[in-house]
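The sequence and structure come first.

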Amino acid sequence: MEGEGLDKRVIDLRSDTVTKYSPGMKEAMIRAEVGDDVLGDDPTVLLFEKKMAELLGKEDALYVVSGTMANLLALISQTKPGDEVLLDRNSHIFNYEAAGSAVIGGLQLHPFDGTGGFLPVDELPSVVRPDNFHYPRTSLVCVENTHNRGGGMIYPFDMIKEVSGFAAEFNLKLHMDGARLANAVVVTGIPFIRWAELADSVNICFSKGLGAPVGSVLVSDAETIKRARDWRKRLGGGWRQAGLLAAACLYAIENNVERLGEDHTKAARIADTISADPRFALVYPVQTNIVIFEVIDVSIEIESFVSKLAQVGIRCLPFGGRRIRMVTHMDISFDDITYFEKTFSGI
Ligand SMILES: *Cc1c(COP(=O)(O)O)cnc(C)c1O
């Protein structure tokens, strides 16, 4: 019998989006009171949006289908076509959102080569365009926290504060792509509201480490959220009994924030195993739940190494060049990590 007696476990480290809803979350979804969110009367969506607006200290919130949509709505609701947006070259918005802000919003993105995903704040003032009809109008700046391609690093609070000061000085809006802001909150102890004070709008994803099946929330001032709501409808993102999904997000914000610390411990253990192996080198210090490492042993071919890992149940993603990414989450147990530690160096 092929494979009998072998450990059949699958440790899915491809992303923290792969989490399946827990029994408690499923129960909350089944019990959710729902209405028609397009007509504005889904009580669970309303409760969730109110709670998130309060938690982040903003006037209003909008529940949307994805982080990509939340970022897109944030950008197009705070700019005009022909405007320019400053952001990091490794940001999710620049790389993984199918140029939505260019296609839908007519925006020009101006990327910077920041270290680990942090904007070079000293260079920013020099690129703000003078008021002249030759130029695009610089109107918004984005920060990403934690930084996905930056190995899950936390954007230091004081550095965002500097970007925020720059934005205020030049009358620009600041959007925070806080897809994994909860991870930064848990590590730093700096609450959501203080991070959000630095920005005009914030996106938080619930389908990542927070473990909900679907959705992100955008928080901002009432005017921006009204525009975002109009755009969401225009893009076909109006949804009806969305309370079913919002219930999962409410459950997540109440139950799944503090536990992110465990994911960080798991990532640190994975990072220790990798850094002890001379074939590999960590690209960034591991602060949260993302581990990005470089395969420095040139005899190793990336795709075949990733598939060898998959054969022993460890799934991960090639991450460009000679890099590989692993992401921990609630569906990885500490026992899985022990298995990883015993297995990895033998592959
Ligand atoms: C995942 C992610 C998003 C949004 O992704 P969706 O898959 O559209 O929900 C946005 N920004 C960052 C940094 C992310 O990691």
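## Surface patches

Val-103, Ile-104 and Leu-235 together make a nonpolar surface patch of about 240 Å². The model is predicted: local features need pLDDT of at least 70, side-chain atom pairs count only at pLDDT 80 or more, and totals for chains, interfaces and linings use all residues. Residues are numbered from 1 along each chain as its sequence is written, and side-chain values use heavy atoms, with hydrogens and water left out.

Patches are made of residues with over 30% relative accessible area and no salt bridge; like charges are joined within 9 Å, and nonpolar side chains (Val, Leu, Ile, Met, Phe, Trp, Tyr) within 5 Å. Accessible areas come from the Shrake-Rupley method with a 1.4 Å probe, and for residues only the protein chains shown count as cover. Burial classes follow from the relative accessible area: buried is under 20%, exposed is over 50%, and partly exposed lies in between (1.4 Å probe, protein chains only).

Leu-235 sits in the loop between helix H10 (222–234) and helix H11 (243–255). Its relative accessibility is 31%, so Leu-235 counts as partly exposed. Helices (H or I, at least four residues) and strands (E, at least two) are DSSP runs, numbered from the N terminus.

A negative surface patch is formed by Asp-122, Glu-123, Asp-158 and Glu-162. Lys and Arg count as positive and Asp and Glu as negative, while His and the chain ends are not counted. The place of a charge is taken as NZ of Lys, CZ of Arg, CG of Asp or CD of Glu.

## Burial along helix H13

Which residues of helix H13 (residues 302–311) are buried? They include Ile-302, Phe-305, Val-306 and Leu-309. Seen down the axis of H13, its buried residues fall within an arc of 100°, so they line one face of the helix. The arc is that of the directions from the helix axis to the C-beta atoms. Glu-303 and Gln-311, on the other side of H13, are exposed.

## Backbone geometry and a contact in space

Most residues other than glycine have a negative phi, and most peptide bonds are trans. Ala-98, which is not a glycine, has a positive phi of about 55°. Ala-98 lies in the loop between helix H4 (92–95) and helix H5 (100–103), and is exposed at a relative accessible area of 71%. Asn-171 is likewise not a glycine and has a positive phi of about 60°. The loop between H7 and strand S6 (173–177) holds Asn-171, and this residue counts as exposed at 70% relative accessibility.

The peptide bond that joins Asn-145 and Thr-146 is cis, with omega about -5°. Thr-146 is placed in the loop between strand S5 (137–144) and H7.

Gly-209 is found in the loop between strand S7 (201–205) and strand S8 (216–220). With 3% relative accessibility, Gly-209 counts as buried. Gly-209 and Arg-259 are 50 residues apart in sequence, and their C-alpha atoms are 9.4 Å apart in space.

## Salt bridges

A salt bridge is a side-chain nitrogen of Lys or Arg within 4 Å of a carboxyl oxygen of Asp or Glu. By this rule the count comes to 20 salt bridges. The table gives some of them.

| Acidic residue | Basic residue | N to O distance |
| Asp-335 | Arg-9 | 3.1 Å |
| Asp-12 | Arg-14 | 2.7 Å |
| Asp-83 | Arg-137 | 2.9 Å |

The side chains of Asp-335 and Arg-9 meet in a salt bridge. Asp-335 lies in helix H14 (residues 334–343) and Arg-9 in the segment before strand S1 (11–12), so the pair ties together parts that are 326 residues apart in sequence. Asp-335 is partly exposed at 46% relative accessibility, and Arg-9 is partly exposed at 22%.

In the bridge between Asp-12 and Arg-14, Asp-12 is buried, with a relative accessible area of 13%, whereas Arg-14 is partly exposed at 26% relative accessibility.

Asp-83 and Arg-137 also meet in a salt bridge. This pair links distant parts of the chain, with Asp-83 in strand S3 (residues 83–88) and Arg-137 in strand S5, 54 residues apart. Asp-83 counts as buried at 3% relative accessibility, while Arg-137 counts as partly exposed at 43%. Salt bridges that share partners join Arg-9, Asp-335 and Asp-336 into one network.
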